[in-house]
Number of protein chains: 2
Amino acid sequence: MNQQLIEMGKRAQQAANQLALVATVAKNDALNQMADALLANADQIIAANQADMVNATKMPTKFQDRLMLNQQRIVGMADELRHVAILQDPTTKIDRGWITKDGLQIIQQRVPLGVIGMIYEARPNVTSGASALTFKSGNAVILRGGKEALRTNQAVVKVLRQVLTSSGLPVNAIQLIEDTSHQVAQELMELDQYVDVIIPRGSHRLIQAVVKNATVPVIETGAGNCHLYVDRDADLTKATPIIINAKTQRPSVCNAAEKLLVHQDVAAHFLPSIISQLRQHGVEVRGDERVRQIVPDVKAASDEEWDTEYDDLIMAVKVVDSLDQAIDHINRHSTHHSEAIITEDGERGRQFQRRVNSAVVYVNASTRFTDGGEFGFGAEIGISTQKLHARGPMGLDQLTTIKYEVTGNGQVRK
Amino acid sequence: MNQQLIEMGKRAQQAANQLALVATVAKNDALNQMADALLANADQIIAANQADMVNATKMPTKFQDRLMLNQQRIVGMADELRHVAILQDPTTKIDRGWITKDGLQIIQQRVPLGVIGMIYEARPNVTSGASALTFKSGNAVILRGGKEALRTNQAVVKVLRQVLTSSGLPVNAIQLIEDTSHQVAQELMELDQYVDVIIPRGSHRLIQAVVKNATVPVIETGAGNCHLYVDRDADLTKATPIIINAKTQRPSVCNAAEKLLVHQDVAAHFLPSIISQLRQHGVEVRGDERVRQIVPDVKAASDEEWDTEYDDLIMAVKVVDSLDQAIDHINRHSTHHSEAIITEDGERGRQFQRRVNSAVVYVNASTRFTDGGEFGFGAEIGISTQKLHARGPMGLDQLTTIKYEVTGNGQVRK
């Protein structure tokens, strides 16, 4: 094990112990100062970013766009820091309290998780955003960003750490791993003694690699093979805008819909119209046999496709016999992120919500609402697709755990 | 991967999907019938247990005692099933609900985790107890008990499954792995596609092996290197009974105290008395240099010992300079289970509770209260020493996750 990484883990744990005791107002002041400092140092950050960009000219345009910083994007990063400053500090919350039969007072207090490892791709805005959320919730963070963004990340983290130092706060609450080898990322995932949780953000491949290789607990985020189901009693004037919105408003994100199931009773009437409208929005439609009987020029969907997240303007469509078949198909093929039914029948909507095993289950609304901001959480560190600890959009509360503070006056157990 | 285990996983998942929709009253009826059936079949269960006992004659007495069943112990197992029947069904709980800015109604509903893998030692009462808790919370369970208890477990599980069948409930909600090889246990820990969480119960060695080898999420339970700290302002008439209770009332369990820290200001006065009383209760006392200066016949504690859980009538004692040093020592050496301060100074008690990073932090009470029953949770599946998902005593609620049920009337995201 890399001695430098162990030392970084020790420093993070020490910083976390200190930060857990810092008053909310001091954390908020620091976040606002970090925002000011990002703007004041924008030139240096942009210069560092340009050096990164020069080395990334062979990467895809999408990749370069995510890596690129300009004045406007730094303003966006600063705004995010200020926004986190005004959110409630989750560690000031007491969930509940009670008195036991022996007269012990038990307080269930929210406390920081401790040290959070973030493993992500070449997106400098995650560097400042994740730092803000972990810092506000009282956690120390160890950042391991994509190697193509190293100079930019160094410049951003330098600015954030300068504010910690000048504010008298534990500077090692924010640390960046500068060795971008796979070896060190792997060692971070095994740093059980110092790291409480790893949150990977990025592609499905990155996240799966972390889930498979980490011994530190992981919160799995972001895989979304989301389904829309148009029931036999659907109001088709609601169904159409929901389908167009869920598929096309931002096709690259995890809450975009990838699959459309249509009840057989409405398929002949609805499919020609919705497929035509999806195509007008640039969507490539694929279908099962029954869809192709109704709209013959639809390309056949392959078997594996029903388990695939496209993250693109592609949608596979299937005709189902019944609500039961729709639910079975979804529970078998979904990544359990977000699914929606379009129906006017309240009981069938309720059945769908009860029986579909996904984090968020909608009646008559677009899956695109699965988002910390839209849910009203104020911020989002990711969308959990696992069942343990956090499920669905994760805000500041999900970066905390609980501690029981028990106060007695000499009680012993009989 | 073992095809039989995969089939077991599939059956469990299917059973979990069905069980999630079963009414509470039907689950409670089944639990009461299971209790009746255990008693009605006590003879067969005891016969199976005697066959197991014959093969275990070379095991330690403690081991044999845990394996052994008699009429009275089967009554205890039946009582536990009836007790779980009267607890509130956690999946009937709605945590909260709200309306978003777009008029979506969001309900945060508690739902079962799904399929739970239990890996444990040769303790037949865990077979029925864990089945009851997972069943009541709507989960399917896959049991993998110690090989020495195989016949007993088969007999118990047969009885429980007969009730599921005769009640028209999904019989595969309770399944026992009959292949007790290490290979199959390892494969269960990697059955990500069908198992939602593994809960190991038993020795530190067993739990650490599961944490290290599982790819399925694990809830780590039960390691307890618990500390008591007698502060300079302690009421020593409270301190003494708390120390004796925490160390000696049941030394083999995880919430028993293993270490005693004493503030230097009270050490000379308090140590001779408490060491003498511990010895009267059969405790072997070990100490650091400063303790041995005060009570010279105390054996020296080794360096590694400060990180060791004895689970026995042994206690290591250390003199500390200050509250800070006590907190630092605990945060460095503890397993973060339960710790207690004895002090009359409210602010120092509060500091200890805030700064000690353990699941349960006491002022003026015995660590032995860290228990689902003592906390008032009604039942306990284990005591979590991790921070994710569950921390401290785990009752039925901790065997559930959440689902967001969102209801709209055509909303799309702008």
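## Chain contact and helix packing

Biologist: How many residues does the contact take from chain B and from chain A?

Modeller: The contact takes 64 residues from chain B and 64 residues from chain A. Contact means heavy atoms within 4.5 Å. This is a predicted model: local features need pLDDT of at least 70, side-chain atom pairs count only at pLDDT 80 or more, and totals for chains, interfaces and linings use all residues. Residues are numbered from 1 along each chain as written, chains are lettered from A and ligands numbered from 1 in the order written, and side-chain values use heavy atoms, without hydrogens and water.

Biologist: What area is buried between chain B and chain A?

Modeller: About 5,700 Å² (accessible area, 1.4 Å probe, lost on putting the two parts together, summed over both). Carbon and sulfur atoms give 51% of that.

Biologist: Which three residues supply 15% of chain B's share?

Modeller: B:Leu388, B:Tyr404 and B:Arg413.

Biologist: Switching to helices. At what angle do helix 6 and helix 7 of chain B pack?

Modeller: About 30°, with axes 8 Å apart. Helices are DSSP runs (H or I, at least four residues), numbered from the N terminus. Axes are fitted to C-alpha atoms over the stretch in contact, and angles run from 0 to 180 degrees between N-to-C directions.

Biologist: Parallel or antiparallel?

Modeller: Helix 6 and helix 7 of chain B are therefore roughly parallel (under 35 degrees; over 145 is roughly antiparallel, 65 to 115 roughly perpendicular, the rest oblique). The crossing is right-handed (near helix turned clockwise from the far one by less than a right angle).

Biologist: Which residues meet there?

Modeller: Among them, B:Ser131 and B:Phe135 in helix 6 of chain B, and B:Val156 and B:Leu160 in helix 7 of chain B. By class, that contact has 6 nonpolar, 5 polar and no charged residues. Ala, Val, Leu, Ile, Met, Phe, Trp, Tyr, Cys and Pro count as nonpolar, Asp, Glu, Lys and Arg as charged, the others, Gly among them, as polar.

Biologist: How do helix 5 and helix 6 of chain B cross?

Modeller: At roughly 15°, with axes within 10 Å. That makes helix 5 of chain B roughly parallel to helix 6 of chain B. Their contact divides into 8 nonpolar, 3 polar and 2 charged residues.

Biologist: In chain A, what is the angle between helix 2 and helix 6?

Modeller: About 165°, with axes 10 Å apart. That makes helix 2 of chain A roughly antiparallel to helix 6 of chain A.

Definitions and conventions:
Helix = DSSP H or I, 4+ residues; strand = E, 2+ residues; numbered from the N terminus.
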